[in-house]
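Please have the sequence and the model in view while reading.

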Amino acid sequence: LNKRFWQTTKLLAGKRSSDKALLLPNSFSSALMTRLAGIASIGYKTNSRGLLLKASILKQPAQHEVQYFWDIAHFASQYWFPALPWPQKIPDRITLPLNSSTTARAKQILNQAKINKPFWVLCPFAHGTGKDGESKIWPHWRELSAHLQQHQLVVCPGKNEEMLCSELVPEATVLSGLNLSEYAAILATAEQVIANDSGPMHIAAAVGTSTLGIFGATEPHRSRPWGADYIGSLGKWPTLSEALSAL
């Protein structure tokens, strides 16, 4: 076990403000840390850590990540606070609220860029790779951008992504330098969002915008946009015509 493990364990033990912990990661080390720190923890019974946990449940196969977090939070609530009410079913969509100042700032950004009619946001970037190291970026973004020229297209690159805009979506207006709240407000204002399996895809779905997620390197049953649409499957990217039909 490395130095950081012992430092974190000591910090948990020395500045403990609670005797309970809900473990969201599945690692053995997280369960061991809380156990050594004297904190009773609840988590999934994975990686042979069941004996280290105060209480645990089994992880269900082929489960969406939203369901994964919902189930363990529900179990912990019922175990520690059985009198507290809990919804009978998981919500059909996640709702991300936006404050008025951020919404006003997003409108200002759009006006400055002369985006003054219904627009579509393209999200062609995706960090990380699939389980076999393949890119999570759909290979037909450039062709899609050309086919959607009748729409006002917007792309919001993050740090170090600006150089890819002209390569992936040359028809789109680039809005760079946005913080996460501004990006969410831009997505909320859009008529349509099209995205790889990425953070912006989930944000767009959460702010209630019509969203199409595109999959090919990851498993939709685990990370599809909750409450929105998707196409593709693990190991099989959708064609350009399939994407256009879905839209």
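In which helix do phenylalanine 75 and tyrosine 79 both lie, and how many residues apart are they? Both belong to helix H3, at a separation of four residues, about one turn of the helix. The model considered here is predicted.

## Aromatic pairs

Across the whole structure, a search finds seven aromatic pairs. One of them is formed by tyrosine 44 and tyrosine 68, whose rings are stacked, at 4.5 Å centre to centre and with 20° between the planes. Tyrosine 44 lies in strand E2 (residues 40–44) and tyrosine 68 in helix H3 (residues 65–80), so this pair ties together parts that are 24 residues apart in sequence. Tyrosine 44 counts as buried, at 1% relative accessibility, and tyrosine 68 also counts as buried, at 4%.

Phenylalanine 75 and tyrosine 79 form a tilted pair, with 6.1 Å centre to centre and 35° between the planes. Phenylalanine 75 is partly exposed, with a relative accessible area of 23%; tyrosine 79 is likewise partly exposed, at 39%. Ring pairs also link Tyr44, Tyr68 and Phe69 into a cluster.

## Packing of H7 and H8

The axes of helix H7 (residues 180–189) and helix H8 (residues 199–206) come within 9 Å and cross at roughly 55°. The two helices are therefore oblique to each other, and H7 passes H8 in a right-handed crossing.

On the H7 side, Leu180, Tyr183, Ala184 and Leu187 meet Pro200, Ile203 and Ala204 of H8. The residues of this contact divide into seven nonpolar, no polar and no charged.

Note on methods: Residues numbered from 1 in each chain as written. Predicted model: local features only at pLDDT ≥ 70, side-chain atom pairs only at ≥ 80, totals over all residues. Heavy atoms only, no water. Axes fitted to C-alpha atoms, helices over the stretch in contact; angles between N-to-C directions. Parallel < 35°, antiparallel > 145°, perpendicular 65-115°, else oblique. Left-handed = near helix turned anticlockwise from the far one by under 90°. Contact = heavy atoms within 4.5 Å. Nonpolar A, V, L, I, M, F, W, Y, C, P; charged D, E, K, R; others polar. Phe/Tyr/Trp six-rings, centres within 6.5 Å; stacked < 30°, edge-to-face > 60°. Buried < 20%, exposed > 50% of the residue type's maximum accessible area, 1.4 Å probe, protein only.
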